[in-house]
Amino acid sequence: MKFILFMAKLISLSEASVIGFHAMVLIASSKEGLNVQTISEKTGSSKHHIVKIMQRLAKSNYLTSSRGPNGGFVLTKKPSEITLLQIYECIEGSLEMAECPVNHDLCPFEKCIMNGIPQMLTNQIKDYLKGQTLEDFKNSLKK
């Protein structure tokens, strides 16, 4: 599993969350439902991994799915009503940062050496994800 780490435990964007972002934008951009095979081909991700992610998003009522030749995943809400933060938190859990980036209850310093940077960065990333909807990206697919 690949992770992008910004400082210890500040935020990790797992492969699952990145696949979730891309799959949801693909679905939002499609006029019909998209199946796992199509999402796999367009993202270069394994079908097995996509199924797990799509199941989690469906369980949280962001998607519905139908089987058959014309089946696939469709959004349950308008693309403008689904933020990247909602997708991230559905897949990864709540995006929060403890006051101490190494989770120590007792610090020998009166002034934090990190000076609140981890919390500030977490808040900026959270604000960014909260401010971006699927609508913002659905017309950005390469032709």
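Visitor: What does Leu134 touch, leaving out residues up to four places away in sequence?
Guide: This is a predicted model, and in it Leu134 touches Met24, Val25, Ala28, Leu75, Pro79, Ile82, Leu84 and Ile87.

Visitor: Which residues touch the most other members of the largest nonpolar core?
Guide: That core has 30 residues, and the ones touching the most other members are Met24, Met54, Leu57, Ile87 and Leu134. H1, helix H2 (36-43), helix H3 (47-59), strand S4 (72-75) and H4 each supply at least two residues of this core.

Visitor: And where does the largest share come from?
Guide: From H1, which gives 9 residues. As a general point, nonpolar side chains in soluble globular proteins tend to be buried together.

Visitor: OK, switching to H4. Which of its residues are buried?
Guide: H4 covers residues 84-92, and Leu84, Leu85, Ile87, Tyr88, Cys90 and Ile91 are buried there.

Visitor: What happens with phi just after H4?
Guide: Gly93 takes a positive phi there, about 100°.

Visitor: Now Ser17. Which helix is that in?
Guide: Ser17 sits in helix H1, residues 15-29.

Visitor: Why does Ser17 count as buried?
Guide: Because its relative accessibility is 0%, and buried means under 20%.

Visitor: So what does the side chain of Ser17 reach?
Guide: The backbone oxygen of Ser14, at 3.0 Å.

Visitor: And what does Ser17 touch beyond four places away in sequence?
Guide: Ser17 touches Tyr88, Ile91 and Glu92.

Technical notes
Residues are numbered from 1 along each chain as its sequence is written. This is a predicted model: local features need pLDDT of at least 70, side-chain atom pairs count only at pLDDT 80 or more; totals for chains, interfaces and linings use all residues. Side-chain values use heavy atoms; hydrogens and water are left out. Buried means under 20% relative accessible area, exposed over 50%, partly exposed in between (1.4 Å probe, protein chains only). Helices (H or I, at least four residues) and strands (E, at least two) are DSSP runs, numbered from the N terminus. A polar contact is a pair of N or O atoms within 3.5 Å; within protein, one must be able to donate a hydrogen and the other to accept it, and residues adjacent in sequence count only if both atoms are side-chain atoms. Contact means heavy atoms within 4.5 Å. A nonpolar core is a set of buried Ala, Val, Leu, Ile, Met, Phe, Trp, Tyr and Cys residues joined through side-chain atoms within 4.5 Å.
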